[in-house]
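This report concerns the fold, the nonpolar cores and the confidence of a single protein chain. The sequence and the structure are shown first.

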Amino acid sequence: MAHATDDATVVHPEVITLHWEGPPRAQAAPEHVYPDSADEVRLARAAERERELRRLRRTETGRALWEQIRVEAGKRGDAELWSRKLHAYWWVKLEPLGTAGDYARRFDANHATVRTWISEVAKLAYQVGYRLHEDRLLLVGEAPPGLQRLREFVNRDAASPAAWQALKGAESEFRGRDPYFHLNEGHVLRARRQLRESDQTLEKGLAIAEARSVRSLLWNARGQTFWDCRPDSAYPLRDHLEQAEQCFRRAAVVDQSTYFPFVNLAHMAVDAVDLKRTEYWIGELGSARKRMDETMQKGLVRYLVEAEWSKAVEGKKFWRNGPARWLREAAKAGLLTLALLCLSLSLATPPASGAAPPYGGIDSVAHGGKRGGGGHSGAGGN
């Protein structure tokens with residue numbers, strides 16, 4: 001800047017001040033995290049959670065759940081929270097690596113919150129059809145000679161064309177006159193995902209059934225049908241689980257000489273993460289077991305050997321003092337080895353088309369999942 005005077009022009013140098021804001025953000029050194037600090041533990045747990053979620057999403061169940069969770073997260077705008085919910089569900093229910101309390105301590109979360117997360121993801125699991133349980137259909141009691149062929153095919157695979165043809169062949173003779181026909185028709189229609197029609201024919205069967213054992217089977221079958229009536233099914237019912245539970249309860253009251261409704265009610269309680277209710281129905285199953293004949297007790301042993309849902313409660317006292325003890329008793333009597341052998345044979349070789357078990361005995365076939373098309377509807381009989 002120049003300053004003029006009378007004698008001469010004096011030039012003063014300009015003073016420039018610079019302010020340096022530091023290196024670009026991308027080049028800035030990361031904040032130091034002290035070893036074993038809370039921040040380091042938090043980062044390690046977050047990385048562990050992400051690794052386990054990636055592993056889960058590679059599985060069929062995990063992919064289906066994750067797709068449904070993305071839809072839910074999109075609606076509510078909390079994708080990160082739903083990701084944590086899925087991780088808690090996987091850690092406690094699918095793996096399992098511990099209880100909800102263990103998860104809360106390890107990942108610094110509230111115990112009650114973790115239980116709520118697990119319950120919410122369990123509801124989503126219903127919607128995508130991964131309830132992690134199997135459908136069992138048993139031949140129970142005597143049947144009229146004209147229904148024997150139908151029961152054979154329904155027991156093997158209710159969704160097969162052979163079962164449908166056998167149903168049509170027996171229709172003119174037994175529809176409206178024999179409740180066993182409506183019971184088997186209900187199983188076939190449910191296996192073919194015609195849920196509304198399945199419920200309607202089972203309701204007709206109840207109108208003409210008189211024997212307590214048959215009425216119990218019909219109520220149990222209605223429960224199986226309602227269990228499949230998810231909001232995304234062909235017959236959507238928002239309260240389908242409540243209706244299924246009511247039917248199973250009715251079946252249990254009508255006839256306590258079969259295990260079907262009791263294991264279904266216990267199974268529903270496990271899926272709902274309700275241990276008190278699970279313990280209650282296992283206790284009721286224990287009381288009903290005393291009234292079962294030897295054939296039905298063998299069927300119960302086989303069911304317990306195959307049931308996947310029981311893994312969630314195997315360590316509980318009520319399970320150790322109940323089903324676990326029954327299996328030990330069966331092993332001592334040689335029944336458990338027989339059940340395991342029958343299971344391995346049924347999975348290894350399909351039954352011959354002409355072979356049929358004697359009625360009054362029990363034969364078990366897996367429907368839904370990897371075999372058949374009976375859906376995911378618990379245990380039942382025909």
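The model is predicted: local features require a pLDDT of at least 70 and side-chain atom pairs a pLDDT of 80 or more, whereas totals for chains, interfaces and linings use all residues. Residues are numbered from 1 along each chain as its sequence is written, and side-chain values use heavy atoms, without hydrogens and water.

The protein chain contains 17 helices and five strands; these are DSSP runs numbered from the N terminus, helices being H or I of at least four residues and strands E of at least two. Of its 382 residues, 46% are buried, that is, under 20% relative accessible area with a 1.4 Å probe, protein chains only. Contacts are heavy atoms within 4.5 Å; among those between residues at least 6 apart in sequence, 66% join residues at least 24 apart.

A nonpolar core is a set of buried Ala, Val, Leu, Ile, Met, Phe, Trp, Tyr and Cys residues joined through side-chain atoms within 4.5 Å. The largest has 63 residues, and Leu150, Tyr259, Leu285, Leu300, Tyr303, Trp309 and Trp319 touch the most other members. Another core, of 22 residues, lies apart from it and includes Trp90 and Tyr103.

Leu285 also belongs to the contact between helix 13 and helix 16, in which Ile282, Leu285, Gly286 and Arg289 meet Pro323, Trp326 and Glu329. The axes of these helices, lines fitted to C-alpha atoms over the stretch in contact, with angles from 0 to 180 degrees between N-to-C directions, come within 11 Å and cross at roughly 35°. In helix 16, Pro323, Ala324, Trp326, Leu327 and Ala330 are buried. They lie on the same side of the helix because they cover an arc of only 160° around its axis, taken from the directions from the axis to the C-beta atoms.

Ser83 lies in helix 3 (residues 79–94). Ser83 is buried, at a relative accessible area of 5%, and, beyond residues up to four places away in sequence, touches Glu50, Leu53, Arg57 and Trp66.

The pLDDT, the predictor's confidence in each residue from 0 to 100, averages 76 over the protein chain, and 73% of the residues score at least 70.

| Stretch | pLDDT | Contacts in the model |
|---|---|---|
| Residues 129–136 | below 50 | 49 contacts |
| Residues 341–375 | below 50 | 79 contacts |

Notes. Buried means under 20% relative accessible area, exposed over 50%, partly exposed in between (1.4 Å probe, protein chains only).
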